[in-house]
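Subject: Structure handover

Hi,

Here is the structure for you to look at. Please open it first, then read my notes below.

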Amino acid sequence: MQRIDKKKIEGMSIPPESTIRQAMVVIGRGEIGTAFIVEAQTKRFLGLITDGDIRRAILKGGNLEDKIQLIERPATKTASVGMKVEEIAKMFGEKIRVIPVLDLEKRIVDIALYDQRFRLPVAEPILGETLLVTILPVH
């Protein structure tokens, strides 16, 4: 897991009183589709909001000046400093792509990101040798 710069985390963080518009700006700045909701004074982590949460709120009639604390969001999974990478990796799922790593004071010290990389063969067929001989006769 790579370390995320503290200033980058701060740039992706907003207080719970923020509006949807403010959250969208922060989400756009962070490049992971997520803003972290933190207490303004203590920087204690309260939750996160995604571009998908905002999209669903707007489709339900919300507007850009609504407060993010009014938006329905699923519970956030978090990891703790000292957890093994393997433990954190097991927390990821189809809908869980970002896991904040918190210290003992519940402040974000790192972010675990789900990175699904897969090989999609485009120019190389995944066919057995026999089938290739059938398709491409040898001269």
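Start with two helices. Helix α2 (residues 20–30) packs against α3 at an angle of about 150°, and their axes lie 10 Å apart. Axes here are lines fitted to C-alpha atoms, for helices over the stretch in contact, and angles run from 0 to 180 degrees between N-to-C directions. So α2 is roughly antiparallel to α3 (the label for angles over 145 degrees). Their crossing is left-handed, meaning the near helix is turned anticlockwise from the far one by less than a right angle.

Which residues meet? Ile20, Ala23, Met24 and Ile27 in α2 touch Asp51, Ile54, Ala57 and Ile58 in α3 (contact means heavy atoms within 4.5 Å). By class, this contact has seven nonpolar residues, no polar ones and one charged. Ala, Val, Leu, Ile, Met, Phe, Trp, Tyr, Cys and Pro count as nonpolar, Asp, Glu, Lys and Arg as charged, and the others, Gly among them, as polar.

A note on the source: this is a predicted model, where local features need pLDDT of at least 70, side-chain atom pairs count only at pLDDT 80 or more, and totals for chains, interfaces and linings use all residues. Residues are numbered from 1 along each chain as its sequence is written, and side-chain values use heavy atoms, with hydrogens and water left out.

Now the pockets. A pocket is an open set of points on a 1 Å grid over the protein atoms alone, where a 1.4 Å probe fits, with protein on both sides within 12 Å along at least five of seven lines; lining residues have an atom within 4 Å of a point. Volume is the space filled by probe spheres set on the points, which are joined across faces, edges and corners.

The largest pocket holds about 440 Å³ of space. It has 16 lining residues, and Leu48, Thr50, Lys95, Ile96 and Arg97 are the closest to its centre. Helix α3 gives the most to this lining, three residues. Helices (H or I, at least four residues) are DSSP runs, numbered from the N terminus.

The second largest pocket has about 320 Å³.

Note on methods. Parallel < 35°, antiparallel > 145°, perpendicular 65-115°, else oblique.
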